[in-house]
Amino acid sequence: MCASKKPSDSDPPISVDDDAGTHPVAGTVHASFDADPDAVVVAIVETVAIVTGRDISDMGPLFEIVDSEALTDLVTSSRRHPLEVTFSYEDCRVSVSNRIDSRKVDLTVCGECDE
């Protein structure tokens, strides 16, 4: 199940869209955040922590699963076509995509999805 978390001042600028959010049956969280290179990895790790109910310090480093620098560059750079990267991290399916019409990055984390 998904939990909700109130952002603190140190959290990246993540916002849940009106047409997205948590889907408690599927254990999925949809979020979007500014395409700030410093926010991508933090947003992924914190969202997976919310979905799994784990403490971030108990999770493996994201860079052991995916090249986090390359992922950040892919989804934050300007593109003429949409791009989506999907991978598994901490027993969750993580999809990160860019929006060509704005400087936003979309994030979907599914904790109970079939791999």
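The model is predicted, so local features need pLDDT of at least 70 and side-chain atom pairs count only at pLDDT 80 or more, while totals for chains, interfaces and linings use all residues. Residues are numbered from 1 along each chain as its sequence is written, and side-chain values use heavy atoms, with hydrogens and water left out.

**Fold**

The protein chain has two helices and six strands, which are DSSP runs numbered from the N terminus (H or I of at least four residues for helices, E of at least two for strands). From the N terminus on, these elements follow the order β-β-β-α-α-β-β-β. Of the 115 residues, 37% count as buried, where buried means under 20% relative accessible area, exposed over 50% and partly exposed in between (1.4 Å probe, protein chains only).

**Nonpolar core**

A nonpolar core is a set of buried Ala, Val, Leu, Ile, Met, Phe, Trp, Tyr and Cys residues joined through side-chain atoms within 4.5 Å. The largest one has 25 residues, among which Ile44, Phe87, Val94 and Val96 touch the most other members. Its largest share, eight residues, comes from α1. The 16 residues of α1 should span 22 Å at 1.5 Å a residue, and its end C-alpha atoms are 24 Å apart, which agrees; the expected span is 1.5 Å times one less than the number of residues. Just after α1, Gly53 takes a positive phi of about 75 degrees. Leaving aside residues up to four places away in sequence, Phe87 touches several residues, including Ile44, Leu62, Leu71 and Val96, a contact being heavy atoms within 4.5 Å.

**Salt bridges**

The structure holds four salt bridges, each a side-chain nitrogen of Lys or Arg within 4 Å of a carboxyl oxygen of Asp or Glu. Three of them are listed here.

| Pair | N to O distance |
|---|---|
| Asp34 and Lys104 | 3.1 Å |
| Arg54 and Glu90 | 2.4 Å |
| Asp106 and Arg99 | 2.8 Å |

Asp34 lies in strand β3 and Lys104 in strand β6, so this pair ties together parts that are 70 residues apart in sequence. Arg54 lies in the loop between α1 and α2 and Glu90 in the loop between β4 and β5, so their pair joins parts 36 residues apart in sequence. Arg54, Glu90 and Asp91 are linked in a network of salt bridges. Arg54 is partly exposed at 31% relative accessibility, and Glu90 is partly exposed at 21%.
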